[in-house]
Each structure stands twice: as C-alpha cells, then as structure tokens.
Amino acid sequence: IPHDLAAPLLVTPGVQGYKLEMLRRLEKMPIIYSRDYIRSDVIDPVEFRELGRNILDYFIHTGRPPIDRSFMTVKAVLPDEYEQSVFQCHALEPLVRLDGIACSADDRPVYATCFLIRSKHYDLTLLRY
C-alpha cells in the first residue's frame with residue numbers, strides 16, 4: 001500500500017496489499033484507467049483471479065466485506081507522462097480524475113481507488129443518494 005494511502009486505509013505505512021490496474025477501451029481507444037489499492041486482509045487473491053472481475057464486483061459477488069459507501073473526490077487533471085502513454089494522448093488533454101475510499105457498513109476502509117477518464121470521449125453520470 002503506498003504511504004499516502006496508509007492512513008486513509010487504516011494500515012501501517014508500507015504494509016503489504018494488492019494493486020489492481022485496469023484499462024477499459026472503447027473501439028480500441030483507451031477510455032478509463034483505474035488503480036485500486038486493496039487491504040490484504042479483505043481479499044483472497046486466488047478467488048479474485050478465478051472470478052475475473054473488477055474489485056467492486058468481487059466484493060458484491062462474495063459479500064466479504066459488504067461495501068456500504070465510498071467517498072470520492074472529482075477533479076480535472078492533465079495526464080503525467082505515464083498516463084499519456086496509457087491513454088495515447090498528448091500532455092494537454094484534460095482527464096477527469098476520481099479518487100476515493102470504499103468503506104464497509106462499520107466504516108472500515110476496504111480499498112482506495114483512482115479512476116482517470118477521457119471525458120472528451122466518455123460521458124460520466126453521478127448518482128447521489
């Protein structure tokens with residue numbers, strides 16, 4: 001788990017965890033890149049690989065632990081060099097960035113997520129309760 005996410009995930013800095021990266025495409029064009037950092041005590045990596053789903057689907061499917069809510073920050077950003085290579089875009093193409101922490105019903109942080117979205121090619125709709 002990266003040091004900057006240790007406190008929000010209530011773990012010791014440098015503790016072992018899992019990082020899941022996904023790239024979603026639309027007609028071969030990279031549209032969404034996500035990074036999830038998961039506490040090692042809440043996921044079975046073998047079971048996760050067998051299910052072959054994203055992390056939220058895993059928790060919904062297994063029910064362990066039940067995800068109750070997430071807290072997200074949304075902002076516009078310019079891609080760094082790595083993100084430019086992932087998206088195959090130029091340095092001045094704005095992206096929408098969502099950073100958040102998903103929590104169980106007892107307010108225990110389960111995983112941290114970061115989504116980068118090419119908003120010029122993808123519409124984003126948020127639903128609030």
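Asp107 comes out as partly exposed, at 47% relative accessibility (buried is under 20% relative accessible area, exposed is over 50%, and partly exposed is in between, with a 1.4 Å probe and protein chains only). The model is a predicted one, so local features need pLDDT of at least 70 and side-chain atom pairs count only at pLDDT 80 or more, while totals for chains, interfaces and linings use all residues. Residues are numbered from 1 along each chain as its sequence is written, and side-chain values use heavy atoms, with hydrogens and water left out.

Asp107 sits in the loop between S4 and S5 (helices are DSSP runs of H or I with at least four residues, strands are runs of E with at least two, and both are numbered from the N terminus). Its phi is positive, about 65 degrees, although Asp107 is not a glycine. Most residues other than glycine have a negative phi. Glu27 is another non-glycine residue with a positive phi, near 50 degrees. Glu27 is found in the loop between S1 and S2, and at 77% relative accessibility this residue counts as exposed.

Asp107 also takes part in a salt bridge with Arg69, where the closest N and O atoms are 2.3 Å apart (a salt bridge needs a side-chain nitrogen of Lys or Arg within 4 Å of a carboxyl oxygen of Asp or Glu). With Asp107 in the loop between strand S4 (95–104) and S5, and Arg69 in strand S3, the pair ties together parts that are 38 residues apart in sequence. Arg69 is partly exposed, at 29% relative accessible area.

By the same rule, the salt bridges number 7. One of them pairs Arg64 with Glu47, with 2.2 Å between the closest N and O atoms. That pair links distant parts of the chain, since Arg64 is in the loop between H3 and S3 and Glu47 is in helix H2, 17 residues apart. Both ends are partly exposed: Arg64 has 39% relative accessibility and Glu47 has 22%. Asp41 and Arg39 make another salt bridge, the closest N and O atoms being 2.9 Å apart. Here Asp41 is partly exposed at 47%, whereas Arg39 is buried at 9%. Shared partners join Arg39, Asp41 and Arg108 into one salt-bridge network.

On the aromatic side, a search of the whole structure turns up 4 pairs (rings of Phe, Tyr and Trp, the last by its six-membered ring, pair if their centres lie within 6.5 Å; planes under 30 degrees apart are stacked, over 60 edge-to-face, and the rest tilted). Tyr33 and Tyr82 have ring centres 6.1 Å apart and planes at 65 degrees, so the pair is edge-to-face. Tyr33 belongs to strand S2 (residues 29–39) and Tyr82 to helix H4 (residues 81–87), so the pair ties together parts 49 residues apart in sequence. Tyr33 is buried, with 4% relative accessibility, while Tyr82 is partly exposed at 44%. Tyr58 and Phe59 are edge-to-face too, with 5.4 Å from centre to centre and 75 degrees between the planes. Both Tyr58 and Phe59 are buried.

Helix H3 (residues 55–62) has Ile55, Tyr58, Phe59 and Thr62 as its buried residues. Viewed down the axis of H3, they fall within an arc of 95 degrees, so they line one face of the helix (the arc being that of the directions from the helix axis to the C-beta atoms). An α-helix has 3.6 residues a turn, so residues three or four places apart point the same way. The buried residues of H3 pack against strand S1 (17–26), S2, helix H2 (45–51), strand S3 (67–77) and strand S5 (109–117) (contact means heavy atoms within 4.5 Å). Just after H3, Gly63 takes a positive phi of about 75 degrees.

Leu116 is placed in strand S5 and is buried, at 0% relative accessibility. Neighbours within four places in sequence aside, Leu116 is in contact with Ile31, Ile32, Tyr33, Val77, Glu83, Phe87, Leu95, Val96 and Arg97. The C-alpha atoms of Leu116 and Asp99 are separated by 8.9 Å, with the two residues 17 apart along the chain.
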